[in-house]
Amino acid sequence: MQIKPFALLNIFERKSLSLIDDPPALFIFKNGKNKTSIKYDDIYDIKYGSSFIFSTIVVILNNRPSIKLSFVLNITIDNFLHSLSPKLKSLCLLKLNDLGIEILRSDYKDLMSQDKYVAYSDISLLKEKYGALVNYCSYLVKSSMYKLLDDADLSQKIKNIAEFRFTEEIEKRNAEYIKSEKNKYKNLFFSAKGNELTEEQKNAIITFEDRNLLIAAAGSGKTETMLYKLNYILKKGLYEPEQILLLAFNKKVREELIKRAGLIGIDLGRGNIHTFHSFGFLVINKSGDGTVSVADENFANRFIRNYASVNKKFFGYYVEFVTRYLSDLKETAEPYAEYNDLLERDRYKKAATGKDIRYRTIKGEYVKSYQEAVIANYLYVNGVNYQYEKPYFSKNKKQIVANPDFYYPDADLYHEHFAVDNCGKSVFGEEYIENMDRKIKLYKKDKIDFIATTSGMFFSGKLFGYLKKELIKRGLKLVPKSVSEINRDLGRIGENKLNDLLVCFLDNFKDRQISLDELKRKAKSIKFSYGRKRNILFLKMFEEVYSAYANELKSKNMIDYTDMVIKAAESINSGDFTPDYKLIMIDEFQDISDSKFNMVQAVLNKNKDAKLFAVGDDYQAINGFAGANIKYIYDFDKYFKSCGYGTKTNFLTKTFRCDKGIVDYSSEFIQKNPNQIKKSIIANTNSEDDAVVIVNYEKESDIFTDIEKYLKDEKNKTVYILNRKNGAYLKKELYALEIDRLKDEFKKQHITVLNDTIHGVKGLEADIVFLIYANKKNIPSENASDSILDLVSDTVNEYPFAEERRLYYVALTRAKEKVIIYTNKKYESSFLKEDNTI
């Protein structure tokens with residue numbers, strides 16, 4: 001079969017292209033007197049196109065000029081392509097066989113028949129082994145020759161190999177395999193109490209994708225599933241015990257896992273079950289750095305406290321912070337940039353609520369404005385004796401004519417702070433100016449000693465220099481208090497959190513391995529003026545102490561707990577230590593932090609065959625303040641589905657703990673956050689009558705009286721009295737007395753009364769939960785964590801009160817039978833207002 005351009009257009013070039021039966025040659029191309037043989041392997045592609053009468057064909061060659069024939073009659077091209085098709089198919093099959101298509105088919109069949117769960121990496125290994133075949137098929141699919149094969153079955157095979165995706169076939173095969181394994185190992189799938197595991201539990205146990213996530217509802221038996229998976233692994237001989245690493249987040253959970261594993265005959269031992277920190281320390285020791293010691297958990301706090309006593313620069317920042325920025329004022333919906341706007345906001349809030357807006361000082365008193373609080377704190381930290389708003393009487397002592405902001409009894413000196421700028425104007429208008437002038441005239445008339453400061457002076461930075469000069473002029477001495485004295489008094493008002501904030505920031509800063517320059521940029525970009533200045537000052541203080549802290553650890557050849565994880569990952573990545581684990585199992589995966597994620601990835605990357613099995617629940621992610629990063633469970637596929645490895649997510653939706661009423665209420669509440677992973681949780685029973693009850697109280701003592709009445713007719717129960725934070729409202733002594741009274745009173749009815757914070761009962765359960773003080777500012781807590789921690793957080797833009805919502809969910813789902821929630825109607829929690837059905 002030969003084609004050539006239309007005769008009148010081919011007089012001079014005399015081109016032609018002929019099909020031949022002389023494999024491996026496919027064409028003979030003539031151009032004048034020149035004749036060229038073209039083999040199948042010489043061809044990159046064959047393109048063709050037609051117009052009304054004529055067609056064009058282009059044979060694109062590898063590393064040689066293309067052959068182009070134009071003005072070929074359409075019917076000639078059609079006949080040529082029809083004759084070309086079987087020859088292309090025959091030569092293509094030869095090429096496919098040379099590249100191992102039949103061997104691939106045999107290997108694939110062998111893989112599918114193996115006694116194992118087929119993972120994505122198994123297919124990836126085949127793809128790697130037959131890379132040349134895959135590349136050839138990928139090229140064919142994209143070429144015009146693909147259509148010329150004119151064989152649907154062959155074309156589909158080529159496409160399957162090109163994409164190397166056998167998803168449906170493998171999923172169907174794995175489903176059959178799981179079904180077969182359930183029957184084969186049915187005697188393994190019974191709990192210690194003799195109950196058969198759920199189908200979801202069995203599925204999670206048998207599934208062995210490369211990176212596995214099990215999302216387990218509260219009370220659904222996640223730890224049981226993890227341990228029975230271990231039992232299945234060892235019984236089936238998938239891994240030897242020494243090839244398994246089980247990671248927990250604290251010592252208590254580690255010990256519990258060791259104990260429970262032993263109860264079902266699993267003898268992994270302490271060498272295989274670790275906390276992240278103990279494993280990190282093991283790696284560091286095996287990397288040859290066995291001389292290093294570990295700083296205790298309070299080392300950083302002690303160091304910071306002592307450093308403030310010996311470093312003047314840090315002490316200066318410390319004092320300025322507690323003086324000016326003790327309160328974590330939050331930005332409102334209508335942002336304000338400066339203090340005058342804050343005053344304006346407070347004035348409108350007062351008009352709306354009828355209540356004064358007040359600010360607490362270190363001394364423990366409440367003042368009417370932020371600037372007054374700063375002045376009061378300045379006086380306090382410098383040891384100046386003052387009284388706030390001591391009434392000033394008229395000369396006859398019968399009438400209060402003014403309430404000066406500050407009075408200094410040691411000098412009989414009055415001090416007014418006026419909300420006016422440097423131009424003498426006030427956001428409170430002319431009436432405020434007239435009242436200010438009246439006071440000044442009164443003090444001058446009565447010939448009393450007084451000083452006046454203004455907002456203008458505050459903003460210009462001149463106020464404290466002026467105030468110091470005026471106080472000294474009157475014989476008052478400024479004797480700065482020590483950090484220990486300041487912290488003591490902050491403790492009295494429940495505000496001694498700066499040390500803890502610095503330590504928490506330090507841990508998160510190191511864990512996320514962020515640069516200080518990046519943090520400074522973030523701080524400077526904050527639009528809210530107060531927040532921006534507060535964050536910038538905090539970073540100055542942190543930078544000063546962090547450098548000294550790092551040097552202190554180095555000089556003592558010590559590492560802290562965060563270092564244990566970070567340095568372990570570094571040792572593994574550098575090759576100083578090469579772990580040989582084939583399976584990593586992680587409990588409470590929702591609590592994983594950046595550094596822990598990096599360490600897990602380091603272990604996985606050192607062993608191509610290693611698999612991951614992580615168990616957690618995004619609904620119970622409540623440790624963000626400690627560095628936990630929920631993104632790793634939200635976007636598991638994104639962070640673990642790397643080149644050549646697949647992911648699989650299973651669910652445990654059947655709770656063995658909560659009644660239907662608790663499940664329905666808690667599930668509806670938590671899923672109002674659209675970021676939470678959707679799941680339909682199945683209750684333990686169908687009982688839903690009064691499962692969640694809200695009780696309004698007036699006096700705090702009413703709560704404990706009501707609990708007492710409720711428990712009067714109960715027997716053989718475990719009861720939790722839960723609070724957002726211990727003794728939040730009643731004085732701690734009275735709170736403890738009430739709890740002790742209830743514990744003693746109900747012993748004879750075999751009722752165990754336990755008291756804890758919500759964080760403290762994570763992972764535990766009780767028959768009845770009494771959630772007390774469900775009031776605004778407590779549940780949700782408006783100050784759960786300081787906004788400064790947003791600098792080192794990766795979840796700043798999460799749903800409003802996202803972690804507080806999850807904490808509330810944890811409180812609800814500790815209960816088997818009933819949750820009784822106590823709130824003061826005047827201060828009812830916003831969470832309770834979301835649902836009117838209870």
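**View 1. Q513 sits in the loop between α20 (498-512) and α21 (516-524).** The model shown here and in the views that follow is predicted. Q513 is partly exposed. Its relative accessible area is 47%. Leaving aside residues up to four places away in sequence, Q513 touches I566 and N598. E256 is another matter: 257 residues separate Q513 from E256 in sequence, and their C-alpha atoms are 32 Å apart in space.

**View 2. Helices α15 and α18 pack at an angle of about 45°.** Helix α15 covers residues 370-381, and helix α18 covers residues 463-473. Their axes lie 12 Å apart. The crossing of the two helices is right-handed. From α15, the contact involves V374, I375, Y378 and L379. These residues meet L463, F464, L467, K468 and L471 of α18.

**View 3. Helix α28 spans residues 700-711 and holds buried residues.** I703, F704, I707 and L711 are buried in α28. Seen down the helix axis, the buried residues of α28 fall within an arc of 85°, so they line one face of the helix.

**View 4. The protein chain is divided into domains 1 to 6.** Domain 1 takes in residues 15-97, and domain 2 takes in 100-170. Domain 3 is built from 199-289 and 567-652. The C-alpha centres of domain 2 and domain 5 are 82 Å apart.

Notes:
Residues are numbered from 1 along each chain as its sequence is written. This is a predicted model: local features need pLDDT of at least 70, side-chain atom pairs count only at pLDDT 80 or more; totals for chains, interfaces and linings use all residues. Side-chain values use heavy atoms; hydrogens and water are left out. Buried means under 20% relative accessible area, exposed over 50%, partly exposed in between (1.4 Å probe, protein chains only). Helices (H or I, at least four residues) and strands (E, at least two) are DSSP runs, numbered from the N terminus. The arc is that of the directions from the helix axis to the C-beta atoms. Domain bounds come from an automatic or database domain assignment. Axes are lines fitted to C-alpha atoms, for helices over the stretch in contact, and angles run from 0 to 180 degrees between N-to-C directions. A crossing is left-handed if the near helix is turned anticlockwise from the far one by less than a right angle, and right-handed if clockwise. Contact means heavy atoms within 4.5 Å.
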